[in-house]
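Please look over the points below with the model open beside them.

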Amino acid sequence: MEDVRIDQRTVSPFLQLSEDRRTLTFHAKKSKAWADGPERFDHWPNALATTSFQAGLHAWVVNVQNSGAYKVGVASGQLPRKGSGSDSRLGYNAFSWVFSRYDQEFRFSHDGQHEPLDLLRCPSQLGVLLDLQAQELLFYEPASGTVLHTHHASFPGPLFPVFAVADQTISIIH
């Protein structure tokens with residue numbers, strides 16, 4: 001398992017980052033806590049991890065049980081950070097691959113293509129497995145080992161773990 005932490009320079013002003021840089025909490029009111037910079041997402045409630053991966057096998061687990069609206073996945077460093085357009089919205093561009101939940105709807109999104117996922121229950125934890133050699137991104141439920149979705153692509157490296165929260169809070173467990 002990777003020690004994935006969130007890069008505070010990328011955190012949207014709608015999100016609050018915990019001191020250990022593992023928990024993101026959504027706030028509807030924009031925070032003025034951080035100065036805007038080129039790395040920061042200024043509209044969508046997104047954040048990137050500090051670490052990026054160019055080769056090998058990587059895994060991390062996110063606690064999602066408290067949130068009814070989140071996205072978890074990977075993004076290229078080329079992902080635009082500014083504006084309210086689809087180009088900086090996770091899953092709506094060629095630079096991000098995400099598993100998302102909105103209320104009771106689950107889906108996998110990339111480049112504006114949204115594939116509905118028929119889950120039997122809401123996962124309380126979401127595991128992400130990125131195998132760059134096999135060019136595979138896999139989402140699973142750690143408790144049962146159930147694979148929720150697998151996506152094959154020739155990913156442009158390097159890839160960063162990426163997160164978005166629009167309801168309550170999510171935390172990287174490990």
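1. Which residue in E11 is the bridge partner of Leu137? The bridge partner is His151. The model behind this is predicted: local features need pLDDT of at least 70, side-chain atom pairs count only at pLDDT 80 or more, and totals for chains, interfaces and linings use all residues. Numbering starts from 1 along each chain as its sequence is written, and side-chain values use heavy atoms, with hydrogens and water left out.

2. The E10–E11 pair. Strand E10 covers residues 136–141 and pairs with E11 in the antiparallel sense, over six bridges. Strands here are DSSP runs of type E with at least two residues, numbered from the N terminus. Two of them pair if DSSP finds at least two bridges between them. E10 and E11 make a hairpin, with four residues between them. In the turn, Gly145 has a positive phi of about 80°.

3. The seven-stranded sheet. Its order is E1-E2-E13-E4-E9-E10-E11; the sheet is open and the pairing antiparallel. Strand E1 (15–17) and strand E11 (146–152) are the edges, each pairing on one side only. On average, neighbouring strands are turned by 20° against each other, direction ignored. The axes are lines fitted to C-alpha atoms, and angles run from 0 to 180 degrees between N-to-C directions.

4. The E1 end of that sheet. E1 and E2 run antiparallel and are joined by three bridges. Leu17 stands opposite Leu24 in E2. The two strands form a hairpin with five residues between them, and Arg21 in the turn has a positive phi of about 60°. E2 also pairs with strand E13 (residues 169–172), antiparallel and over three bridges. There, Leu24 stands opposite Ile170.

5. Thr23. This residue is found in strand E2 (residues 23–26). Its side chain makes a polar contact of 2.7 Å with the side chain of Ser171. A polar contact is a pair of N or O atoms within 3.5 Å; within protein, one must be able to donate a hydrogen and the other to accept it, and residues adjacent in sequence count only if both atoms are side-chain atoms. Neighbours within four places in sequence aside, Thr23 is in contact (heavy atoms within 4.5 Å) with Gln16, Leu17, Ser18, Thr169, Ile170 and Ser171.

6. The six-stranded sheet. This one is open too, in the order E3-E12-E5-E6-E7-E8, with antiparallel pairing. Its edge strands are E3 (46–48) and E8 (113–117). Neighbouring strands are turned by 20° on average, direction ignored. Five bridges join E7 to E8. Arg107 has Pro116 in E8 as its bridge partner.

7. The largest pocket. Its volume is about 300 Å³. A pocket is an open set of points on a 1 Å grid over the protein atoms alone, where a 1.4 Å probe fits, with protein on both sides within 12 Å along at least five of seven lines; lining residues have an atom within 4 Å of a point. The volume is the space filled by probe spheres set on the points. The lining has 16 residues, with Lys71, Arg89, Arg101, Tyr102 and Ala166 nearest the centre. Strands E5 (69–76), E6 (96–102), E7 (105–110) and E12 (159–165) each supply at least two lining residues. By class, the lining has nine nonpolar, two polar and five charged residues.

Methods
Nonpolar A, V, L, I, M, F, W, Y, C, P; charged D, E, K, R; others polar.
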